[in-house]
Amino acid sequence: MSDTISFELGSAADRPPNRFQVNPVNGNSRKSQAADGPGSGSGSGAGVGVGAGAGEDGPHEVYRRLTNAEGELLEDDTFDATQMLNQRQPRQQRQSIKSSFRDKDKPSRFKDLQTTTRFQVDPQNDESDDSNDSQEERELLDNEYDTKYGKSFRHFTREALPRLDNYRNMMSIQAAYRPTLDELHNATLVGKNTHSLTRNQDPESGILNGVLKFGWIKGVLVRCLLNIWGVMLFLRLSWVVGQAGVIEGFVLILTTTAVTTITALSMSAISTNGVIKGGGTYYMISRSLGPEFGGSIGLIFSLANAVACAMYVVGFCESMLAMMTTFGWEIVDGGVQDVRIIGCVTILLLLIIVVVGMEWEAKAQIGLLVILLVAIGDFVIGSFIGPKSDAELAKGFLGYNATLFKNNLFADYRPEKGGIQHDFFSVFAIFFPAATGILAGANISGDLKDPQKSIPKGTILAIVITTGTYLIMVLQCGATVARDATGNLTDVVNGSFAFLDCQPGECNYGLQNSFQVIELVSGFGPLIYAGCYAATLSSALASLVSAPKVFQALCKDELYPKIVWFAKGYGKNNEPVRGYVLTFVIACAFILIGELNLIAPLISNFFLAAYMLINFSTFHASLAKPVGWRPTFKYYNMWLSLLGAILCVAVMFLISWATALITFAAVLALYLIVAYRKPDVNWGSTTQAQTYKNALMSVQQLNNVEEHVKNYRPQILVLSGLPNTRPVLVDLAYMLTKNLSLLVCGHVLRGSSSQKYRTYLQERAANWFRKHRVKGFYGLVDGEDFESGTRALMQATGIGKLKPNIILMGYKTDWQTCDHKELDQYFNVMHKALDMYLSVAILRVPHGLDCSQLLGSQDGWKTVSDVPRTLQPNESSGDLQAVDSSARNGLGGSIDSLSRNVSQEDRNRNQLVHSEQNSLKIVKSSSTSDLSFIAGNQSKDVSGMPDPLDAKSANLVNNSLRKSKLKHDDPASLYKGPGGAELPKEVLADLTQFTRKRSHAVIDVWWLYDDGGLTLLLPYIISTRRTWQTCKLRVYALANKNSELEFEQRSMASLLSKFRIDYSDLTLIPDITKKPQETSTQFFNELIKDFVVTEKEGENGTSSRATLNEDDALITDDDLLAVQDKTNRYLRLREYLWEQSTKSDLVVMTLPMPRKNIVSAPLYMAWLESLSRDMPPFLFVRGNQTSVLTFYS
């Protein structure tokens, strides 16, 4: 083979006009020689593995294979470069190049191509480089990464470049095209190849696959102009001038414009703060203020547009009827029946136009705008022409006249024939609907090419144009038409102006008396009729389009029940045909019912409510200042938006205070419906941002509040693991903190775990909290062991004053059989808590706390065994569905199981459950030692259960919770066995012992030592709860001297009364120092026999099982002797407990103090075992020796 290797596809003579080069490096063009070798025709590329034939067929055939119809490179073409490189390069360099071709770095669709790599085909200019090939190949080897893909940089790295595609999915924090942190951070993980969008296809582009999109003129400006220029322009503007005069008319119009302009500025700010999808007003408000406000306004706004459509059609019908009357035409009765017939036919025609397609509707709007502009121009020209006949002059049209303008400059408010006295505000209320319609463009936001630019530009320009039109027409009316005119032609013929002299209410012509002034002034009267028709029909058409579009977006979000059927769209533009038909039916119904004059103020109020919330959305976003609030439209002000919202409310009450109240009531009712249903949506609303801001400010303010004993609150860190594994422990903790203080469920994971697994646990805990209506938090830490993890929880949980002051643990029932290291860790946690001045509480229940084996997975969640702890080599984060092998060995179902040693009482419990239901297995063991978990080997089996992080499965979970018809208080609905099996009643009774209602319950409080009063406070809090409020508190205390027993009892009673704590019985224990019975001593010795080391055994070198472990797990004779008095005291207490409290529902006792370096772990646990063995639910409590009770006010 020659010294140089050709990558060209043919010789100079054979090249087609558009020559391409196969370049493995950087796309650098160069001139190369033809390769010598078998089958290398005239300039063949055999060395590259592309066997082009001789002649011109070779290059053209290769070109055809490498490119698509548009001449673009096909990425899936592959070339065998290995042979070429092996022949040309030294071995060491070849290995370097091959290292960049490793399979693990290839996209997944190339995994099966073991010896191939892709090369770029780049166009090559005829002016090729004359540089030496061998020099360029040496440069190739200098950068081995360049040898892999010459086409795109993204193949050299796992990192994703910043691209639009990575941010398209607004509902997910994790983008679909960006590698996960696990894939980037873990060297053994291979990321899956992510697909990209089809070339030249941008979902946000104007025309996508034939979908019609409008620009700012046709989509926004034209629609807003047509909707704002309504019938008021032709029928009421002249009357406003007659009543308010030119000056106050200007003020009135500018005030109206101020409201709409401020609203438009606020809407511009919202619409430029991210991509606006279909739904217009509803979309903007719901994404800004949340689903509650958005849903209520969306529904009201849709209904308002549907009814407004009927109003505009009726306005058209009345104008048509007036014209028919002049010709003497009628259909039935020339009245309401004719209006109904014309109205239904008209709205049917409009429906056909809309259903045919948005393109036809846009063409119809353009035609109506032309008619409307011609009519306005006709009026302006007519004012300059002046009166064309004596009849027009007699009706008050004098032409431009300075004296007349001066007379019309000021207001002249008069009562109507019905006796209604007008003033500025009443006239303002009548005119204001003429300025509405600014949302017509925004309501079809889904059909705009670029809503962010179109909505601000088109809406604000439409307001400027329409305001200018109104002001000019006010000037022209005030300067050319008198307020009153008799229409008497005789006075005109005689040359006098007596036709202008008449008493108010007696004249039929003029600004005050006639609504046909615009037609009177116009150059050609019929054009004004055409303008009226165009104005009404265009507004009706805009409303007919707006209502279904907004309603469709509302239905897609499923905020209200039974309306999702209307969310379906048809055609390329996803037209809401069902919504069109619904709007048609509603509009027809209101046309047939009539009485639209009563509904008109309500419609205006509905629109104003939407304006108000748009303004408030901008104000609220500016106030909360979330990081995501970055509108590109800068000409807004938060206080101006607030003023706009206030003005909207004021105008609502000016129009009609009754309809304003109805509007607010409707918005509130719909708001409460959405709030009650709690739709599973997360739109990042400003209410969420404000909630965070308020919480942060409150926590910061709380830091400035000095602590006082009267404001003490038990803030509990409960070592429960996942809440569903120890529900009884969590129930007790929540009973103490409900509506009162902080509750955190702590979970210690032994070893490291993946973020996906941690997120799964957090979601599972949050789901359990929601289902059981527990308001708490879930804290998860990784630790090398239970002790270090718990220490981290105690030190790091909470913020500021919101930190736990009590640690609640479960009693370790397997302390006699567990590994001694576990026992020491459990004991050291108590020491650490007391070192941190935390109070300590330990709960023991007869049948154990761990229910992980008893309870099955519910609500579509995976069992614990279905989610692996960590990522495995050659796994992507999407593959985290392996089953933990230890779960199949009988340890599945609990996320945090360290050991499964079963005590004797738990074996009895297992037999009871197993006999009643074979499918259920219950394993009760330690309540805290098994908070840690040792990750075993994991298999590659993929679970068939839904991914807990998948949005759809999460929706199913929440929907099932929301739609469940079972009562919350029904334990059978809260707790199920594996596979959804029913649990025995006895098991359910144990699981709900702190949540079910108790009648005549008894709580025994053994307040042995003064720990600050916590031993007394906690049972009192329990007695105030709804389920335990009828219980009795029996207090037991130790007496100092038998001789002073009566005095001490009175002192204790006095203390309790000053604490304002009700109790049913008070007992003092007089002879606690008395020696315990022999049976009690034997019982205690039996408990510690495996831990005791005698001096004789130590001397002879023999020992019991305990000597095989660390020295701190032993009990020597010296240890027993040092605490002999305490041991006797606790054994004596056990005897009293058996006499007094075996029938109680709950026993609360002061926890014995574990003295450092005095009491060993097994000896201390033996004390607790002596006190609580075979007793009712038993709660040990030790305060931090700081007062939590006071008798001062």
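Search the whole structure and you get zero disulfides.

Before I go on, this is a predicted model, where local features need pLDDT of at least 70 and side-chain atom pairs count only at pLDDT 80 or more, while totals for chains, interfaces and linings use all residues. Residues are numbered from 1 along each chain as its sequence is written, and side-chain values use heavy atoms, with hydrogens and water left out.

Back to the cysteines. Is Cys-477 buried or exposed? Cys-477 is buried, at 0% relative accessibility, whereas Cys-344, at 23%, counts as partly exposed. Buried here means under 20% relative accessible area, exposed means over 50%, and partly exposed is in between, using a 1.4 Å probe and protein chains only.

Now the core. A nonpolar core is a set of buried Ala, Val, Leu, Ile, Met, Phe, Trp, Tyr and Cys residues joined through side-chain atoms within 4.5 Å. The largest one has 134 residues, and Phe-234 and Tyr-470 have the most contacts inside it. Helix 19, residues 525-556, gives the largest share of this core, with 16 residues. Helices (H or I, at least four residues) and strands (E, at least two) are DSSP runs, numbered from the N terminus.

What does Phe-234 touch? Leaving aside neighbours within four places in sequence, its contacts include Leu-372, Phe-515, Ile-528 and Cys-532; contact means heavy atoms within 4.5 Å.

On to strand 3. Ile-716 and Val-718 point one way, Leu-717 and Leu-719 point the other way, and all of them are buried. Two strands pair if DSSP finds at least two bridges between them. Strand 3 runs parallel to strand 6 (residues 806-810), with three bridges, and Leu-717 sits opposite Ile-807 there. Strand 3 also runs parallel to strand 4 (residues 743-750), with four bridges, and Ile-716 has Leu-743 as its bridge partner in strand 4. From strand 3 the chain goes through helix 25 to strand 4, a right-handed β-α-β crossover: with the strands pointing away from you, the path from the first strand over the helix to the second runs clockwise.

Last stop, Asn-724, in the loop between strand 3 (716-719) and helix 25 (727-737). Asn-724 is buried, because its relative accessible area is 14%. Beyond its neighbours within four places in sequence, Asn-724 contacts Arg-764, Trp-768 and Leu-855.

Definitions and conventions. A disulfide is a pair of cysteine sulfur atoms within 2.5 Å.
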